[in-house]
Amino acid sequence: VADSANPVGLALDIRAGATAVTDPGNHMLQATPTACPLESARVNLLQYTEDFGNAVWQTVATTASANTATAPDGTTTADTLSEGVSNDRHITYVDNLAVTSGLTYTLSVYAKYVDRQYAVLGLDAGPISRVYFDLVNGTVTSEVSCTGAISSAGNGWYRLSLTATAVSGGSYPQFAMSDRSAPGGSMAFDTPVYAGTGKTVQIWG
């Protein structure tokens, strides 16, 4: 049971209106109307968040390998994302997910460093929102039009989150690997572009 003083996982402030509530594991992006009590069922807007190899998750210069690592809950359900060697963005994303203008959403995921230090969460729902994370030191290194957070989940895993308010009806929730800790240099669609070297991260929804 969650309330605004003692949320389960990350819960946004519901006092200001309709909000998003994020629940640990399998709940990357959610919205809950104010009419619903906090303890009621939450709606996960994303599908297959424990299988980033599913076709609902599109990729650019990235390969997803399912069930290749031990997840934070001890099951072998975490995936490995490997960057391609092309000079491109290295992302996995959902194309044009419908959201409601004026609502606040939280996108979250668990990630673990293998040999790619930086990761980026993105949500394009009017403002171009990006949070850059350092998976080695467990820090937020840059925020663009949103609020980011990172917390340790043990065994090298971190829970990453991005919170932003939608001002349009569509969004592109995405997870990207990055060769830098902040925006700059070569970019495409506000996401880093670089020549990949086959480095990887582990990810779990």
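The largest nonpolar core of this predicted model has 31 residues, and those with the most contacts inside it are V109, L121, F133, L135, L160, L162 and F175; a nonpolar core is here a set of buried Ala, Val, Leu, Ile, Met, Phe, Trp, Tyr and Cys residues joined through side-chain atoms within 4.5 Å, and buried denotes under 20% relative accessible area, with exposed meaning over 50% and partly exposed the range in between (1.4 Å probe, protein chains only). At least two residues of this core are supplied by each of β11, β12 (118-124), β13 (128-134), β16 (157-165), β18 (174-178) and β22 (200-204), where strands (E, at least two residues) are DSSP runs numbered from the N terminus. Residues up to four places away in sequence being set aside, L121 touches L107, V109, S129, R130, V131, F133, L160, S161, L162, Q174 and F175, a contact being defined by heavy atoms within 4.5 Å. Residues are numbered from 1 along each chain as its sequence is written. Local features need pLDDT of at least 70 and side-chain atom pairs count only at pLDDT 80 or more, whereas totals for chains, interfaces and linings use all residues, and side-chain values use heavy atoms, with hydrogens and water left out.

An open sheet is formed by six strands in the order β5-β9-β18-β12-β13-β14, with antiparallel pairing; two strands are taken to pair if DSSP finds at least two bridges between them.

Apart from neighbours within four places in sequence, S178 is in contact with R116, Y118, V120, Y132, P192 and Y194. A polar atom of the S178 side chain lies 2.8 Å from the backbone oxygen of R180, while the C-alpha atoms of S178 and T191, 13 residues apart along the chain, are separated by 8.4 Å.

Strand β7 (residues 78-83) is mostly covered, five of its six residues being buried. Five bridges join β7 to the antiparallel strand β6 (residues 62-69), with T80 in β7 as the bridge partner of S65. Four bridges join β7 to β22, again in an antiparallel arrangement, and the bridge partner of L81 in β22 is V201.

Two aromatic pairs are present in the structure; rings of Phe, Tyr and Trp (its six-membered ring) pair if their centres lie within 6.5 Å, and planes under 30 degrees apart count as stacked, over 60 as edge-to-face and the rest as tilted. F52 and W57 form a tilted pair, 4.8 Å centre to centre with 50° between the planes, and F52 is buried at 2% relative accessibility, as is W57 at 6%. Y110 and W204 form a tilted pair, 5.3 Å centre to centre with 50° between the planes. Because Y110 lies in strand β11 and W204 in strand β22, this pair ties together parts that are 94 residues apart in sequence; both Y110 and W204 are buried.

Notes:
A polar contact is a pair of N or O atoms within 3.5 Å; within protein, one must be able to donate a hydrogen and the other to accept it, and residues adjacent in sequence count only if both atoms are side-chain atoms.
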